[in-house]
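Reader: I'd like to learn how to read a few features of a model. Show me the structure and let's take them one by one.

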Amino acid sequence: MKQHKHLSQRGMDRVPPMFLTKKLARCIKLGSSALAMGALGLTPAWAQTDAPALEEILVSGQRQSIQSAQLIKQNADQIVDSIVADDIGKLPDRSVTETLQRVPGVTIERFMDIGDPEHFSAEGSGVAVRGMKHVRSELNGRDTFSASGGRSLSFEDVPAELMAGVDVYKNPSADMVEGGIGGTVDLRTRMPFDAEGQVVSGSVSLNYGDFIEETDPSASILYSNRWDTNAGEFGLLLNYAYSEISTRTDGIFLRPYFARTDILEDQTAWIPRGADWRRMDFNREREGSYAAFQWRPNDEQEFYFTVFRSEYDMQWNEDAIFVDNDPWAIQLSDDARFDDNGVFQSGTLSNATPPEWSPNSPGIPFGADIRVSARNSVTTDYAAGWSFAPGNNFEFSTEFQYTDSKTDTLDSTVATGISLESLTINAAAKPPKISTDEDYLADPSNYYWAFAMPHVEDSKAEQFAWRADAEFFVDDSIIRSVKTGVRLTKREADNINTGYDWQGIFASWMTTDWEGGLNINDLGMPYVNDSSMMSLNTFDNFFRGDADLTGVVWAPNKELAEGYPDSYVDLYRQAAEYADSLGHPYSETYGPYQLRDANDPQWRNLQSEDTYAIYGVVRFGFDNLPMPIDGNIGVRYVDTRSESDGFLVYPTLAPYGNGQMEPMSVSNDYDNVLPSLNLRMQITDELIARFAVSKAMARPSFSEMQAYQILDANMDEETQRVNLTSGSWNNPNLKPLESDQADLSLEYYFDDAGGMAHVNLFYKDIDGIVRNQTGIEQYVDLNGQMQDYTVTRPVNAGSAKIKGFEVGYNQFFDFLPAPFDGLGIQANYTYIDSSTNIPNSIDPDTGALIAPTDTDGTAFTQNLPYEGLSKHAYNLVGMYEKDKWSVRLAWSWRDDYLMSVGPNGFNGDNGGVNSSAGDSGDAILWKLPVYSDASGQLDGSIFYEINDNFSVGLEMNNLTNEQTRTIMHQKNGGAGQNYASYFVNDTRYALTLRATF
């Protein structure tokens, strides 16, 4: 095998001897200089050689994975943590997201979105590094993203089978691409020159969810080879992966508590609005393909070309029954129980009188819906590069990249309604016990068609990127090298988002518009003729039998939700015909169903962005000090020029406007200077200290920067003055978040078999957090005069400080007597604390503060933590690796964290009724903070090596059937803190056969 002379010399001569650990030196001596240089952060694209040489030192499986990750961390220029595949196509977990949660300082979201506490995600979704969601995603050091209005890749979209490893950079150097405040996650794939010769590998799996009781397939295959010819050395790698899983999640919800003074004597009673329950079935298909070509014509040059494609298809279907009750109309049974603070514990809820907003609907109003949410995302990345090293003192590389991404989403809800006479709740039980009249729920004629709500997204984005880097090496000097480079990008994004378009069918309040009114319960379902448009969900084995629930639901068929828009048009047409036949002017009042036009400018967000970056890095070293020091210092300058195209809509009141719509193009240019310093001190042969400071930035998401604004001019009848206002949830002039950050770490490497311990202190001072605020902006009227408008929109208005530490420990206990000498452990713990100076947001639609407020109007006085930040988190992994067996048990736990303030189901308007239950007062807009409760999950795997080519194993997730809970925070001395929801989902099993030749 041809050895690259420059790597060999540079591996021995350029690297400070103090950092050539025994293991690293042996890697270089055995020909694995590419790995050694990669670990030192000096790897050019052509430097990937002879990985099998490393295998002569590092055994296969988990040991190899841990030792390789240790080598990367120990010798990196920056503070980085890595996870390396322990076999071809085998990261430790079955998804990239779940793999990342094992890294110190990294947590994952177990909900579909952090702002949606009502929908659990079995595989996890968003990734946060040190509590920050602003994480930059890379593929082989290059920018990558999903077209959904954001800037990062949805890690759940990427097949784990295509990954060679994942690196998480905590504090960058100047030669790293900007864009991550929390950190940078780099997904690494294999290259043909990683292997010595031909490699053929594949796997097949059967994935079983024990709650949904479905089995789905997974498979992957890889072919790699290299050839030495007269034209140089060629390499080709082809990789394909497909996987599918299905899961089921059951949820029970308690709704917010309201203060009532007419229930208990001499004490305020806190009564829940009600309770509801739902089942969600989830299915996803993930398909990935990857091809890589390398050509090394001589010892000085290398060319490469890669194509990476990931496609993610998911759909979840939810049957739910949800309370739509008026808390002031609730009456309680005589046997109702309360705690010492007057908080409801158990009893039966009923409505003595119909709610004011629904006078024709006696009983407790409920909705029963089918919700279908489907997403298809495709991201394709093309990259071509050339590296040139004409001698020992100079390296040059350049790369072109094109990324194309598309995402289509349909979130469709169709609901019926029903009024129940009563609802019995035992809130003291965990989970709550809920019962009602099951026979009444089982009769489809008791339901009416209530509403439908579609939400459509169609996003496209593409980016061209080019970079060039040059590094000059210096002999016999404290200056090791000087590196400089440039990077240019051009991105276009076209995002369509129609919002959630709620339209009533036979909503209770709609019938009051008809002359004479109509009892909603008399509508029934006769225009359907039968129940063929509905499905009965009996909630079999609900909550795995651990919830005492009596209740079934007739919800619309999922085909009605999936069939948007045609099914919606037909449904509303039938409703109109039926109501008209009863003599009610439905068609005259509401007309046919109105589809939102996805091409309407108000739903479209057109963005373009060009960036121009230049950087310089000096690497240095002081070998002659008692405790040698090396590191790098540099600065990165980036100029960002974005443009948002949209429309400005003027008022219809002269002289301020005549309703005209004018195109507008908003330019938003800004630059950032990002210095960095990374120092490393060799205290002893085993002990390393690091210090890093840098400035980082994260650009606002494209979804926040839409250029569309409506100006309003309204006459105040009392003052006869015109109020000029405007509200928008977007601002094309948003600036990036910026962070001054520092790290101090101590790393102890006590053996060459992966044994290490480390502690890392970190601090971030973040500025530019976005919140909605009100200010004055000027716009011209019909006479050419400038008018002052009071405008509410997102602006950079807040700051936060985040500090904490990470502790990690890895070891295989080889010193134990057999058979215990195969035991090993990985453990890490993260502590994060935050303080914020963030103003309350203002609702652009209403002008009201978006502030945490209890249902009785009491404002929360304490500062809330930063969203998504758990104060405590830890991972504990037990391993056994010996002979033909490889066993792993991994427990991951995180503390409670704030998800959102006033998300769906936890906000509202009391309608001018205060805590005296019926007395009129000022309207209260209440919004409750909702937290995810502390939770953990136990995963595991066991593999047996049949022979040198085949292995078989079982992988398991959620072995202990953990419940996931959310908590709604209300004031102390009132309702206090109560569980808002409980979720259970599958234990998942994957039976896997692997083969490598």
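Reader: Where is Asn961 in the fold?

Author: Look in the loop between E49 and strand E50 (964-969); strands (E, at least two residues) and helices (H or I, at least four) are DSSP runs, numbered from the N terminus. This is a predicted model, where local features need pLDDT of at least 70, side-chain atom pairs count only at pLDDT 80 or more, and totals for chains, interfaces and linings use all residues. Residues are numbered from 1 along each chain as its sequence is written, and side-chain values use heavy atoms, leaving out hydrogens and water.

Reader: What is the phi of Asn961?

Author: Most residues other than glycine have a negative phi. Asn961 has a positive one, near 50 degrees. Asn541 also has a positive phi, near 50 degrees, and sits in the loop between strand E27 (534-537) and strand E28 (549-550).

Reader: Is Asn961 buried, exposed or partly exposed?

Author: Partly exposed, at 31% relative accessible area; buried is under 20%, exposed over 50%, and partly exposed in between (1.4 Å probe, protein chains only). Asn541 is partly exposed too, at 46%.

Reader: In what order do the strands of the open sheet run?

Author: Strands of a sheet pair through backbone hydrogen bonds, either parallel or antiparallel. Here the order is E1-E8-E9-E6-E7, with mixed pairing; two strands pair if DSSP finds at least two bridges between them.

Reader: Why is one side of E1 and of E7 left without a neighbour in the sheet?

Author: Strand E1 (79-84) and strand E7 (142-143) are at the edges, and each has a single partner strand, so one side of each has no neighbour in the sheet.

Reader: How many bridges join E8 to E9?

Author: Five, between strand E8 (residues 165-171) and strand E9 (residues 183-188), which run antiparallel. Gly165, for one, has Arg188 in E9 as its bridge partner.
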